[in-house]
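Biologist: I would like to learn how to read this structure. Could you take me through a few features?
Modeller: Gladly, let us look together.

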Amino acid sequence: MDAPLEDQRALLELQRHHSAIDRLTARRGSLPEDARLAELADGLAAVDQLTAERQGSLATVQRAQARLEDEIDMVTRKARSEEDRAASGRVTSPKELTAIQNEVAALKRRQLVLEDELLELMEQRETLEAELSELSGRRQALAAEQADVTEARDAALALIDRDLAAERAAGAVVAPRVGEELRALYDQLRKRQGGVAAAALVGATCQGCRVSISAVELAAIRKQPATAVKRCENCRRILVIE
């Protein structure tokens with residue numbers, strides 16, 4: 001295949017723009033900020049799950065505490081009522097007075113048991129509320145970092161997109177300077193060669209595969225007309241002698 005030397009040099013220039021676009025696109029898809037944002041999202045999800053669990057436990061404790069407080073109040077009022085009845089003088093039977101005293105004693109023992117249970121629940125509630133407060137602080141810190149990293153990610157994307165637009169615009173200017181046949185070969189090789197289809201020949205080294213060309217092949221290449229489209233013997237990319 002033959003192509004004007006100007007076309008070949010334009011092709012190498014086009015390759016440089018395409019390679020820059022490929023690098024920028026790869027960078028756009030693998031920003032460290034995106035990885036950190038994924039970690040932060042996982043952290044927030046874990047905190048939210050723990051918070052929901054602790055809130056559920058706290059609600060259970062609060063219901064149990066309310067039930068105990070109501071029962072303690074009922075037992076306390078019942079004991080006081082019985083004590084008042086015994087002290088009123090209306091009960092004169094020794095047997096009935098003894099029964100009242102026993103009832104009051106039983107009620108007070110029940111009150112002590114209930115108060116111990118209430119104390120345990122209050123300690124559980126205090127622990128849960130402290131854990132929820134700590135989780136809230138942790139979530140606020142994660143959310144603040146998430147906002148900062150998102151801002152940094154968006155700024156990095158803006159810069160990359162600006163550079164991408166510039167490279168695409170420059171490539172669009174160069175592309176019409178490459179003949180159709182040479183461009184078709186270039187496009188075909190780009191698909192097979194990981195995006196790099198044309199490379200400069202610097203000394204005896206192909207800049208596409210970084211392999212030195214044999215002396216015999218190099219001599220044969222240099223004997224070809226300037227318009228001949230040359231290929232690397234190793235990677236088969238288009239070679240352009242600058």
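Biologist: In which hand does helix 2 pass helix 3?
Modeller: The crossing of helix 2 over helix 3 is left-handed. A crossing is called left-handed if the near helix is turned anticlockwise from the far one by less than a right angle, and right-handed if clockwise. Helices here are DSSP runs of H or I with at least four residues, and strands are runs of E with at least two, numbered from the N terminus. Please keep in mind that this is a predicted model, where local features need pLDDT of at least 70, side-chain atom pairs count only at pLDDT 80 or more, and totals for chains, interfaces and linings use all residues. Residues are numbered from 1 along each chain as its sequence is written, and side-chain values use heavy atoms, with hydrogens and water left out.

Biologist: How do I describe two packed helices?
Modeller: Two packed helices are described by the angle between their axes and the distance between the axes. In this model, the axes of helix 2 (residues 32-87) and helix 3 (residues 94-174) come within 6 Å and cross at roughly 165 degrees. Helix 2 and helix 3 are therefore roughly antiparallel to each other, a term for angles over 145 degrees.

Biologist: Which classes of residue make up the contact of helix 2 with helix 3?
Modeller: That contact has 28 nonpolar, 11 polar and 24 charged residues.

Biologist: What is the order of the elements along the protein?
Modeller: The protein has five helices and four strands, and from the N terminus on they run α-α-α-α-β-β-α-β-β. The C-alpha atoms fill a box of roughly 135 × 35 × 25 Å, taken along the principal axes.

Biologist: Is Arg 210 buried or exposed?
Modeller: Buried means under 20% relative accessible area, exposed over 50%, and partly exposed in between (1.4 Å probe, protein chains only). At 59% relative accessibility, Arg 210 counts as exposed. Arg 210 sits in the loop between strand 2 (205-206) and helix 5 (215-223), and its phi is near 65 degrees, a positive value in a residue other than glycine.

Key
Axes fitted to C-alpha atoms, helices over the stretch in contact; angles between N-to-C directions. Parallel < 35°, antiparallel > 145°, perpendicular 65-115°, else oblique. Nonpolar A, V, L, I, M, F, W, Y, C, P; charged D, E, K, R; others polar.
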